[in-house]
Every structure is written in C-alpha cells, then in structure tokens.
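Hi,

Here is the structure I said I would pass on.

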Amino acid sequence: MIALKDILYKVTINAVAGATGVNITAIDFDSRNIKSGYVFVAVKGSVSDGHKFIDTAISQGAVAIVCEVMPEKLIDGVTYVEVDNANKALAIMASNYYENPSANLRLVGVTGTNGKTTVASLLYQLFKKAGYKVGLLSTVKIMVDNDEYKATHTTPDSLTINKYLQLMNNEGVEFCFMEVSSHGIHQSRTEGLHFEGGIFTNLTHDHLDYHNTFAEYRDVKKMFFDTLPEKAFALVNTDDKNGLVMLQNTKARKYTYALKGYADYKAQILENQFSGLLLKINDAEVWTRLIGNFNAYNILAIYGTAELLGLEKVEILRLISELESVSGRFQYVISTEKITAIVDYAHTPDALKNVLETINSIRTKNEELITVVGCGGDRDKTKRPKMGHIATALSTKVIFTSDNPRSEEPEAILKEIEKGVEPQNYKKALTITERLQAIKTACQMAQPNDIILIAGKGHETYQEIKGRRFDFDDFKIVQEYLKELSK
Ligand SMILES: CC(=O)N[C@H]1[C@@H](OP(=O)(O)OP(=O)(O)OC[C@H]2O[C@@H](n3ccc(=O)[nH]c3=O)[C@H](O)[C@@H]2O)O[C@H](CO)[C@@H](O)[C@@H]1O[C@H](C)C(=O)N[C@@H](C)C(=O)N[C@H](CCC(=O)O)C(=O)O
Ligand SMILES: Nc1ncnc2c1ncn2[C@@H]1O[C@H](COP(=O)(O)OP(=O)(O)OP(=O)(O)O)[C@@H](O)[C@H]1O
Ligand SMILES: N[C@H](CCC[C@H](N)C(=O)O)C(=O)O
Ligand SMILES: [Mg+2]
C-alpha cells in the first residue's frame, strides 16, 4: 500500500476531487486489469478512450482515477485527479511507484528507424562480457542480467518498463540498454526515466500510418534528445542527414559517429565478407563477425557508447571481436549443397535495401539471390510498393508472400507490394500467399551456391493472421527444409 499523493509526486495536476491521502494497492491503465484498491489511469488511445471505462474500473475496485477530463458524475468515496496528459502522468506515477529504478542504474536509450535492437543487444552482450550485470529492453526479449522475459513491444508501456527496471535494481544490475521507439516517445512511455545516454542510428521511412508525415516522425524522435539532461551524452550518426537535427536542442553532451563525414568516432570498412567485417575505428583495426555496411554503423555506435560509459579502448576492441550476431538479424545457415539462407528482420524499405546491397556486394555474378518478402498488415501501407520495387530491383528472383497480415486480407497487401514492381522486373517476381509454401519454393528453386534471403520477420516465432497467432519461425523452417532437401 502506498499513498496516492506519493505516487503523484512531480505529476502536473489540474484539479482534484476527493482525498489524495488515500492508499492505493497498484496502478493500471486497462480497466480489465483493475482490482480492489487500484488507481485507474484513463488514457485516450488510438482505438478507444480509457475515459469510457472509468465507471467499469470503479465497479472493479478502483479507489482513485487519474484522467484528462473529469467525468460529469463523480462517485462518492473515489478520488479523481485531472491532469493534462494522462500518458505522461502514468509514466511519472510508474517511476514513483517502483521507487525510481532508472536513477539507480546507468540507462542508455537507442532510437532510430533501423538498428535499435542490434545496437541495444550488442551493448548488452559487450557489457556482459566485460563482467558487469546488465539489463536489456528490446524487441526480441527483455533481460534482467541472466534472466530472460518475453517482450511484447519494442518499448513497453511505462508500468512495464519501471517494473523491469526495479527487478534490475533488485538484481544489482549496473547498466541497462533499451530501445526507444517513436511510438514509445509519442505515448510518453519513457517519460521521467533517468537516461545517461541516447543513441541515434538513422531515420528512414516507417510508421507513417501513425505519425502522418516524415517531419512529424523526425520531431518525435528528436523529442527524446531534447529531454536528455546536461550530464547525459547524445551520440548520433552524422552520415544520416537527421543526425545533427537530433542534436539541435539537446542539453546533453554531443558526440557523433560516421563512416563518411567528419565525426568523433570514425570508421572505415577494410573488408566486407560473409565471414564478417574488418574495420578501422579511429586508429585501431578490429574484426567483427557482423556482416554488412550497416553493421559497421552499429559497431561504431557500440564502440562510442562503451567509451562514453568508461570502458577502456583496448578492451572494447577485444570485446567487439567476440560479439555474436543478434537473433533474426542476418542469421544464416548453409546447406550441404552450399545454398545459403539468410533470415533478416528487414521490414522497412531502407533495411531491405541495405541487406540486399550487402548480399550483392559479397556474392559473385553467377550466384542467384532469391528473396522471400512481404509486408505487415495494419501498418504503414506506403512502405509496400517501395519494398516491392527494392526487392525486385536488387534480387535475381523474388517471391512475394505474407508477413503478419493481422486484420487485413493477405492478397490485398500483396497487390499493393506488386504495384511497386517495374515492368522490366515483372518476370523476376512471383506471389505465393502462404509463407511456408513461399519459403519451400525458394529452397526448391535454389541451386548450389545460390543465396536465399527471407526478410521481414527475423526472430519472430509466430505469424499473425486475422487476430490469431500461429507458430511460425522462418529460421527453423528454412533450416529444416534445406536439411530435408539434402537427404
Ligand atoms: C498504436 C499503439 O501504439 N497502441 C498502443 C496503445 O494502445 P491504444 O492507444 O491502441 O489503446 P486503445 O485500445 O485505444 O485503448 C485506450 C485505453 O483504453 C484502455 N481500455 C481499453 C479497453 C477496455 O476495455 N478498457 C480499457 O481500459 C486501454 O488499456 C488503453 O489504455 O497503448 C497500449 C498500452 O501501452 C499499447 O499496448 C498499444 O500497442 C499496440 C498493441 C501496438 O501494436 N503497438 C505498436 C504499433 C507499437 O507500439 N510498436 C512500437 C515499435 C515500433 C517500431 O518498430 O519502431 C513498440 O514500441 O513496440
Ligand atoms: N544501422 C542500420 N542501418 C540500416 N539498417 C539496419 C541497421 N541495423 C540493422 N539494419 C537492418 O534493419 C533490420 C532491423 O534491425 P533491428 O532489429 O536492429 O532494428 P530496430 O530499429 O530494432 O527495428 P524495430 O523498429 O522493428 O524494433 C535488420 O534486420 C537489418 O536488415
Ligand atoms: N515493430 C515493427 C515490427 C514489424 C515487423 C513485421 N514483421 C510486421 O509484422 O510488420 C512494427 O510493429 O511495425
Ligand atoms: Mg527493435
């Protein structure tokens, strides 16, 4: 039990009806989870409005309500608190409720369109190898040092974030790396957290269904840097034209990384092969098992961050050479016939282009590149033709298939992807709606030394169709089917 007024510490309050001295048992923003003694925070969502569920929450035992608009009829014995922004209030209340766990560890947030999971996960690995207790909040999983938990979001809601950060405190975790998505920033999921650093990877096309325009998407990302404190660091990729934009209004210490332009952390790619990358970072050479140009950027972000957090240069370089690739990011298997299958989470036009260009820069002319790709339903539709165009322009053969159609008709999504294919590439493409069949067909088409790219779902172990999630794992499927074909 804790007093409501203590939970409300630092929340900007407009009006109160009832006593804030009341004790509460827990906080929730979903009426369906409310139990006796809870405080219910009514949030205006994108589908529904939490204010509609205030009375339901009270009938389930809520003793206090935090809302943006006071209900017309107030119920006796219930405390109502009116705030400007319920999501912000929720995040501050969550920090207070879980005893401000972010202040007791060294928290670094990674934002950008692509590379967040890779950078955050590799930092987790690197600091673990350096001997520290480390936490991770990522799309793939949540780690409280060695304990693994399932992730539901890239950046979970503020209650979940603070709950895991408190667990990290209890385990003596010293460093935590977390992905900060644009949805997360926009919905104030990270509000009130004490960040010691922020990393910007890049900004390309995604989520324009949610943010409306690219400028709005950029400004949301920028908000993360605008709110970093003076003693934090902001480390940005200045080869991306929005890198410097992120630094425009930040109070944090500014650092840059780049492969092309001038920067504090600078790298040069000396070798780029399927076995890995040989890089020159500032003046030192380092080899990494990670593959592709884009991973040179990720490695550079990791190098800079590790140095800004106080690790020794020589040690960082040694640890970089030990890093293993992240699940579902350029994860590959080679069959006995020397067919290479790569599973990659590229689900944006830029990521797909990068992965295909990387493969093309490594493969020889007589090795075919067969790409299996689709686009998720209930997500930014304008990505679809772009991805159709990129896939066919940069592969020798393409099989368009379903990603997670969610509530949409799979065939309708595929039609929109096909619209992006240029006439000269028509003959390269075929469409097989069922993903399992598409992967099998790609394997049957492949000749020795050919490369199959299965893009879009990476580490995901399910496929969501019409609201139901079915078991589905690209990597397992392709690995097993290639083995079967070799028999
Ligand atoms: C579009 C979006 O971001 N939605 C998130 C949002 O839900 P919402 O706004 O749709 O909620 P809503 O259904 O409108 O309901 C409004 C409020 O009423 C409440 N409610 C609703 C029904 C009821 O009976 N009782 C009740 O109290 C809900 O709990 C909610 O608080 O707030 C919820 C709680 O935090 C999130 O779980 C939910 O994520 C949904 C599931 C989602 O798919 N989000 C994706 C798009 C997302 O956030 N992705 C990013 C990654 C993006 C990237 O790749 O960069 C992420 O960080 O994961
Ligand atoms: N620095 C980078 N620049 C461009 N593309 C990248 C970069 N790093 C990874 N990618 C590509 O983007 C895909 C997604 O990478 P990753 O999962 O690290 O990004 P993310 O930002 O976490 O994505 P999400 O928003 O879905 O969580 C990878 O599978 C790879 O194809
Ligand atoms: N974080 C991204 C993941 C997309 C993954 C892709 N497989 C899809 O389902 O669209 C999103 O929620 O938009
Ligand atoms: Mg991610």
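Of the 487 residues in the protein, 50% count as buried. Buried here means that 20 or more other C-beta atoms lie within 10 Å of a residue's own, while 12 or fewer makes a residue exposed and anything in between partly exposed, with C-beta atoms placed from the backbone. Before you go further, note that this is a predicted model, in which local features need pLDDT of at least 70, side-chain atom pairs count only at pLDDT 80 or more, and totals for chains, interfaces and linings use all residues. Residues are numbered from 1 along each chain as its sequence is written, and chains are lettered from A and ligands numbered from 1 in the order in which they are written.

Now the overall build. The protein has 16 helices and 26 strands; these are DSSP runs (helices H or I, at least four residues; strands E, at least two), numbered from the N terminus. Its C-alpha trace spans about 75 × 50 × 40 Å along the principal axes. The radius of gyration is 24 Å, which agrees with the value near 23 Å that a compact globule of 487 residues would have. That radius is taken over C-alpha atoms, and the globule rule is 2.2 Å times the number of residues to the power 0.38. If you take contacts between residues at least 6 apart in sequence, 66% of them join residues at least 24 apart. A contact means that two C-beta atoms, placed from the backbone, lie within 7 Å.

The domain assignment gives domain 1 (2-96), domain 2 (100-320) and domain 3 (331-486); the bounds come from an automatic or database assignment.

On to the inside. The largest nonpolar core holds 143 residues, and Val39, Val41, Ile452 and Leu453 touch the most other members. Helix H10 (residues 293-308) provides the largest share of this core, with 10 residues. A core of this kind is a set of buried Ala, Val, Leu, Ile, Met, Phe, Trp, Tyr and Cys residues joined through C-beta atoms within 7 Å. Leaving aside neighbours within four places in sequence, Val39 is in contact with Leu4, Ile7, Ile24, Ile27, Ala62, Ala64 and Val66.

Next, the ligands. For the shells, a residue counts if its C-beta atom, placed from the backbone, lies within 6 Å of the molecule. As for classes, Ala, Val, Leu, Ile, Met, Phe, Trp, Tyr, Cys and Pro are nonpolar, Asp, Glu, Lys and Arg are charged, and the others, Gly among them, are polar.

Ligand 1 is surrounded by 19 residues, and the closest are Asp30, Gly45, His153, Thr154 and Ser181. By class, that shell has four nonpolar, 12 polar and three charged residues. Domain 1 and domain 2 each contribute at least three residues to the shell around ligand 1.

Around ligand 2 there are 23 residues, with Gly115, Lys116, Thr117, Thr118 and Ala351 the closest. Six of the shell residues are nonpolar, 12 polar and five charged. Helix H4 (116-129), H10 and helix H12 (349-362) each supply at least two residues, and H12 gives the most, with four. Ligand 2 lies between domain 2 and domain 3, because both give residues to its shell.

Thr154 turns up again around ligand 3, together with His347, Gly376, Arg379, Asp403, Asn404, Gly456, Lys457 and Glu460. That shell has no nonpolar residues, five polar and four charged.

A few single residues are worth a click. Lys353 lies in helix H12 and counts as buried, because it has 20 C-beta neighbours inside 10 Å. Not counting residues up to four places away in sequence, Lys353 touches Ile390 and Leu394. Gln125 sits in helix H4 and is buried too, with 21 other C-beta atoms within 10 Å. Beyond four places in sequence, Gln125 touches Leu323 and Glu324.

Last, the backbone. Most residues other than glycine have a negative phi. Asp145, however, has a positive phi near 50°; you will find Asp145 in the loop between strand S10 (141-144) and strand S11 (147-150). Arg406 also has a positive phi, about 50°, although it is not a glycine. The loop between strand S22 (397-400) and helix H14 (410-418) is where Arg406 is placed, and with 16 other C-beta atoms within 10 Å Arg406 is partly exposed.

Cheers
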